[in-house]
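Please view the sequence and the structure below before reading the grouped points.

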Amino acid sequence: MSKEIDDKKYEQEHLDHVMGMIKDREKKLRKSIKTVEGEARDLNSHFFDDVKLDYDGYSTSMETALSIHQQQQLLTEREHDWQHSAKQLATVERLEKSPYFARVDFKENDASEPETIYIGLGSFADENDHFLIYDWRAPISSIYYDGKLGKVSYNSPEGEITVDMTKKRQFMIKDGKIVNMFDTNESIGDQMLLEVLSEKSSTQMKSIVTTIQQEQNKIIRNTSADLLFVQGAAGSGKTSAILQRIAFLLYRYRGNLTSSDVIMFSPNQLFNDYIKNVLPEMGEQNMVQMTYWQFVSRRLPGMNVENLFKQFEDKTANSDIGAFKDSVNFFNLVTRYAKHLNKRGVVFKNIMFRDKKKPYFDKEKIREIYYSYNQNYKLANRIDATREELIKMLNRKIAPEVRKKWVSQTIESLSKEQLNALYDRPDQEFDSEADEEKFLGRKIVIKALQPVFQKIRHNHFINMRAQYLSFLRAVPKMTDLSKWNISEDDWMKHVEEVKDSFRKHDIHMNDVSAYLYLYDLITGRRTDFEMRYTFIDEIQDYTPFQLAYLKYNFPRAKFTMLGDLNQAIFTKDESRSLLKQISGLFDPEKTDVVQLTKSYRSTKQITDFTKQILRQGEKIESFNRQGPKPVIWGRKTDEEAIVALQEILKANDAKHFTTAIITKDLAGAKFVHEQLAKHGQKATLIATANQRLVPGDLVVPSYLAKGLEFDAVVMWDASKENYHALDETQLVYTITSRAMYKLDIVYIGEKSPLLDIDPKTYDEK
Ligand SMILES: Nc1ncnc2c1ncn2[C@@H]1O[C@H](COP(=O)(O)OP(=O)(O)OP(=O)(O)O)[C@@H](O)[C@H]1O
């Protein structure tokens, strides 16, 4: 006991010492920032005193230029100093809140005395460059996450190093005081994790640096794989691992990698909002964040791309045709089809100007130009050359156009101001009136032809929609559709449906990627060579086609894909073959697959309950955090169910839990929200992904609850009517696994057979 007290006393003294140094540094930095700002201000205000703006002679103006140059250089230097200090200050301020969270002692080689290091959110060194705190991402810090006491290895830039770890100690520090500390032999002791996990949820995700688990550490620090594929149970820390991994990479490759070289695809906007504080908390900037929908639809401004809501309600998405169109085979068909376009088959359209009947550039003429280039031309060169030729032709059309009647009519109709605006200078002179008219006419024609010019520049002479339909029609000739259980008749009917939706400017999610890919191949659109890391969360809701297309778009990026095939709410059972299909896109030697089986989000009672919903859920391990058993509330009518819901909310509110009532779809969410309002119960309806997660009770449709978590979840109407099909298993699992501490399930009428699980694991009310 006394040793423990001694230890704590020692550690508190050490902490006081480090805190003192941090505070000192903070003062110094603030002072130096002030000085630099003052100097910069002085430089600016004396600028005109010092610089003689004297243009009399050559030498003095040289002096002026030099002086300006020097001044500028001084200012730039000050700015650098300022930025450097400001960055250090931000780190120091972060450390001041919590300087470190761990200590490890280790012996290198045969050293007789162990070395001690402290690990925190950033590095901190004294004047002599002696490190008082190591950044958690530094190579040596890895041993804290990775191993038990004894021999442990870590990767350093010089290669693998093995040390003998003799102590591992964890701290919980609050306002400069050690609240708690544990010595542990485990990777990261359960005790610390339990403390962290017992904190209540908020609407924002938090960083997990203090308690990263061994298997998560592997994901975070992996630098070798081109494809890192993580399959992990709900709540196993996949999203957390991504965010810590980004922070790690930004540190590991600092100077070479910035947050703009990293892109993350996430399930929806709401989720982006949920995770937005994690990286800044770790002192890093957020990466580029996007949903797949945003990625494709920003390129098709004239079309309505099927959104999450419609996609979820779209019942045909899972048909045989859907499975085929989502496959890598279909992706390869597009590639093959595009190759054949080098000989024939590109569909063109007329470019019109003024005359509604006669094309300005006839599509036949364009085709002739396009196919006039020899076999060595690739599609991309062909279109470039065609574009160039059309622009040349357009330039040649200007002079004859100027002589047309509409031009002189336009000149006459212009007001004086409008006319004046056409001249290059107000006092512009001309040799003759005819010259002047010609000049003005040219101006008018060039302006009027701008839209034509833009059409050429943007390849609008390709009839992309017809081209895509022509591809679809060619499909039965290119592949054996019967292998996909699709008859030729059904396929052709489907093509007509696509055509109809194009007419309405609608495009389905399972066409949009193929459409854009075909467009890219025809036009040779440049892919993004700069992107270095691509992260995809909730991978199970992507189709193999989409992943192949992302790979095509970011050819030089390393990919990290994370997901849980058990939570495939859009692709459902199709997701099972996902890994097989995408593994073909990457070098197997450079593919790492990691499984996370332990679930940290939920209490033992909830995880033990939810894993039974799955067909192969036995692999999921629960973390030993205790809470109440889930409760199933069977009611006969909507009214009774709402009463039950109110009772649940009342109990949850008394405990200050954030509760999410998760419904199957939007209609259900609207209904519950309305009913609650009628009974005077306040709750926020989350109907679109653009909303904010606010504190208080929420009503959310299932597809928007993806990736999120809440203290308490009420699954609304888990009746047989609502969830009867086996392929809705994933949906039921996704909904119930959002709960951290308390789970209630309400159904009306008959209970869904998907919830036929061991009655010992839940209570009924
Ligand atoms: N090592 C850890 N230390 C502390 N908390 C952790 C750790 N790993 C995960 N958690 C917590 O567990 C919860 C679930 O993590 P996260 O959302 O990253 O899981 P996920 O695998 O992405 O889940 P899902 O697939 O259900 O969306 C979060 O609250 C996270 O903070």
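Helices (H or I, at least four residues) and strands (E, at least two) are DSSP runs, numbered from the N terminus. This is a predicted model, in which local features need pLDDT of at least 70, side-chain atom pairs count only at pLDDT 80 or more, and totals for chains, interfaces and linings use all residues. Residues are numbered from 1 along each chain as its sequence is written.

- Helix α28 (residues 729–736) is mostly covered, with eight of its eight residues buried.
- A residue is buried if 20 or more other C-beta atoms lie within 10 Å of its own, exposed if 12 or fewer, and partly exposed in between, with C-beta atoms placed from the backbone.
- The buried residues of α28 are T729, Q730, L731, V732, Y733, T734, I735 and T736.

**Nonpolar core**

- The largest nonpolar core has 169 residues, of which V334 and V746 touch the most other members.
- Such a core is a set of buried Ala, Val, Leu, Ile, Met, Phe, Trp, Tyr and Cys residues joined through C-beta atoms within 7 Å.
- Apart from neighbours within four places in sequence, V746 is in contact (C-beta atoms, placed from the backbone, within 7 Å) with W633, R635, A641, A644, L645, V714, M715, W716 and D717.

**Ligand shell**

- Among the 24 residues around the ligand, A234, G237, K238, T239 and S240 come nearest; a residue is near a molecule if its C-beta atom, placed from the backbone, lies within 6 Å of it.
- The elements that give two or more residues to this shell are α5 (190–197) and α7 (238–252).
- Because domain 2 (220–311 + 527–599) and domain 4 (614–764) both give residues to the shell, the ligand lies between them; domain bounds come from an automatic or database domain assignment.

**Residue S408**

- S408 is placed in helix α16 (residues 405–413).
- S408 counts as partly exposed because it has 15 C-beta neighbours inside 10 Å.
- S408 and G441 are 33 residues apart in sequence and 7.0 Å apart in space, C-alpha to C-alpha.

**Confidence**

- The protein chain averages a pLDDT (the predictor's confidence in each residue, from 0 to 100) of 85, and 92% of the residues score at least 70.
- Among the elements of the protein chain, helix α20 (residues 464–478) has the highest mean pLDDT (95) and helix α2 (residues 47–50) the lowest (52).
- The model scores ipTM 0.97 and pTM 0.83.

Note on methods. Contact = placed C-beta atoms within 7 Å.
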